[in-house]
Amino acid sequence: MNKDTSHINSLENEAIYIMREVAAQFDKPVLLFSGGKDSITLVRLAVKAFYPAKIPFPLMHIDTGHNFPETIQFRDKLVKELGLELIVRNVQDSIDEGRVKEESGRYSSRNSLQTTTLLDAIEEFKFDACIGGARRDEEKARAKERIFSVRDDFGQWDEKNQRPELFDMLNGDIEHGQNVRVFPISNWTELDVWSYIEKEDIEIPSIYFAHKRKVFLRDGLIWSHSEYVYQEEDEKVLERMVRFRTVGDMSCTAAVFSEAADITSVVQEIRESTISERGARIDDKRSEAAMEKRKQQGYF
Amino acid sequence: MEVLKIATAGSVDDGKSTLIGRILYDTKSLTTDKLEAIEKTSKQKGYDYLDFSLATDGLVAEREQGITIDVAHIYFSTAKKSYIIADTPGHVEYTRNMVTGASTSQASVILIDARKGVIEQTNRHFFINNLLRIKDIVVAINKMDLVDYSEDIYNKIKADFESLMSKRDYQDQKITFIPVSALKGDNVVNRSDKMPWYTGQSLLEHLEALDKKDVYNVGTPRFPVQYVIRPKTEEFHDFRGYAGKVYGGELSVGDDIVVLPSQTKSKIKEIYFYNEKYQTASRRSSVTITLENDINVSRGDMIVKEGDLPTIDKQFTANICWMDATRLTTSGKYIVQHGVNKVLAKVDKIHYKINPDYSGIETDVTGLNVNDIAQVTFKLNKPIFYDQFKNHRTNGSFILIDSQTNNTVGAGFIQ
């Protein structure tokens, strides 16, 4: 694994360039913020891109209501410290309005329900560009995603008809009603993000570091014991030292056993890890093409 | 070293996906869960070896058809370097994908099946890599295990390829031949003991040794202004910064500069990267520049050093690759996006179509179909500030946008 971090400077320069293209090419951009490490990295990059001016777009969080409380506290603190505008839209409201139906059973999650809430919010605010923290190394379908990825009126991704992206040139021309998903850290790997967090000394939610948590085991994954996560009676609650490598909501994010309590040990652990990051994403395990299907429907 | 981006071109039959899978496997870049998935699927399909192509062919349609239809990006790193592979399909109908993949890459790997030798597709890959002026190319002669690791076959293919090299436009391109077996792992990451007659580096060793000077041309600095930063806060009341990326060379505080198109002169006062001031902005850094004089600069303008001006003109001739299903026609109107600058353009003349297999040109052309490469003159509604592609990869390239569909429909390299 590459221990030289000079390549991260080139990734940072590329991401800053993309942030500035968004601000210049679109009327109403928004940064989709989940409270996870990737979106926290995006905020840092945006701060750097526009200094000494403030970030010229708001943040938006699609709240499933099943988030880790640590993530929400962290989100509110970050927004306050940086003086940013935060928009929150709740999946619970979409359920109450009958726009989506809650899943039930053993693997129920609100993860895929976020899509409707997100698309409704894009329409409500007339956002024409949504900046997200997806990375191409995360997952096979994401490896083909463009940096500027056009979505139609229905928020859908037409993966077979994507615009070619050449050199540094980003074509943000769209029709009214369409929007572009923008991925400034497309070319970063998980290790790059962690190395950057270490290098820049970026604060992240405590759940990324080893802590004692009530968990249970199912299908070889470590699930959080919580009122939001379905648990069989014979699935025994254990108390273990764990941390999270990726943070979605509680129902779709599995933990890893870990003693890494600070950023240096986390970076070390990722460097030596033999399991991919999304190996702990329960939502990807549904089928071989799980991510591609969700993306076509407008998932982030 | 920056991240090294490598374009791979070749059809699935050449074993390109297997080669990439082999690199990932031998550099221990495949994680246990991905490896398990590959083992499971390979077994289901009844193969007696691991099908590494499963690691790269991401889309459902590709898994169904068993071919690569788009540019996929694959990431791996060694103790020395981080790499991105832009994996593109090799079929003629995907010429545009090859151009796209090569445009963001600094080095390229061309695969040849040792049993088939140099074929039309090889010519095309080489032509595109030469057109895009990739400085370093590896010709990997694959499936050596299927030809008994024969030195004669290797030499024959090498000689055939070398006969193409005299036809190329960009003669300074460095070309290295390596005999490999992606399936068996010979000379991919580790050197092979099956080919004692080959004493050169393995493919990865070659890539590991590449330095900035091997992949980048040093040109003259160009600073296209992306965005004007005006904080309007008390602390930065009069701050007016020009945000952009420096291409081709360096810019330093105190440099005498000219702003295009107004040709107003000034001096660089400060260079910011976030909240720190620097004396010099290095190539490809995203900085914010302030000038000594309060002059009017906006997005699409370009800051260059005095005495080092690009060509300022309302027309240019370029080699273009047409990428859209709708034909390009003489007198057709498009948007030229040159860096961050957009202007209206009209096709003035299609000089000729270039057969991308070095077999010659076709004149008397009235239109271009998808994947055609041609020399075209455009007239613009206002001047742009360009360099020839051979002197400046960034300031000599552009994309074409269809103003009806907003799609990117072509890419060009200014002559």
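## B:Asp26 and helix H1 of chain B

Leaving aside residues up to four places away in sequence, B:Asp26 touches B:Gly185, B:Val189 and B:Asn190; contact means heavy atoms within 4.5 Å. B:Asp26 lies in helix H1 of chain B. Helices are DSSP runs (H or I, at least four residues), numbered from the N terminus. B:Asp26 is buried, because its relative accessible area is 18%. The cut-off for buried is under 20% relative accessible area (1.4 Å probe, protein chains only).

## Basis of the model

This is a predicted model, in which local features need pLDDT of at least 70 and side-chain atom pairs count only at pLDDT 80 or more, while totals for chains, interfaces and linings use all residues. Residues are numbered from 1 along each chain as its sequence is written, chains are lettered from A and ligands numbered from 1 in the order in which they are written, and side-chain values use heavy atoms, with hydrogens and water left out.

## Helix H2 of chain B

Helix H2 of chain B covers residues 32-44, which makes 13 residues. At 1.5 Å a residue it should span 18 Å, and its end C-alpha atoms are 18 Å apart, so the two agree. The expected span is 1.5 Å times one less than the number of residues.

Which residues of H2(B) are buried? They are B:Asp33, B:Leu35, B:Ile38, B:Thr41 and B:Ser42. Their cover includes helix H1 (16-26) of chain B. After H2(B) comes B:Gly46, with a positive phi near 80 degrees.

## A:Asp38 in chain A

A:Asp38 sits in helix H2 (residues 37-50) of chain A. It counts as buried because its relative accessibility is 12%.

Its side chain makes a polar contact with the side chain of A:Lys37 (3.5 Å). Another polar contact, of 3.1 Å, joins the side chains of A:Asp38 and A:Arg135. A polar contact is a pair of N or O atoms within 3.5 Å; within protein, one must be able to donate a hydrogen and the other to accept it, and residues adjacent in sequence count only if both atoms are side-chain atoms.

## The interface between chains B and A

The contact takes 75 residues from chain B and 61 residues from chain A. The two chains bury about 5600 Å² between them, 55% of it on carbon and sulfur atoms. Buried area is the accessible area (1.4 Å probe) that two parts lose on being put together, summed over both.

Five salt bridges link chain B and chain A. Each is a side-chain nitrogen of Lys or Arg within 4 Å of a carboxyl oxygen of Asp or Glu. B:Arg284 forms a salt bridge with A:Asp168, the closest N and O atoms being 3.6 Å apart.

Technical notes:
Helix = DSSP H or I, 4+ residues; strand = E, 2+ residues; numbered from the N terminus. Buried < 20%, exposed > 50% of the residue type's maximum accessible area, 1.4 Å probe, protein only.
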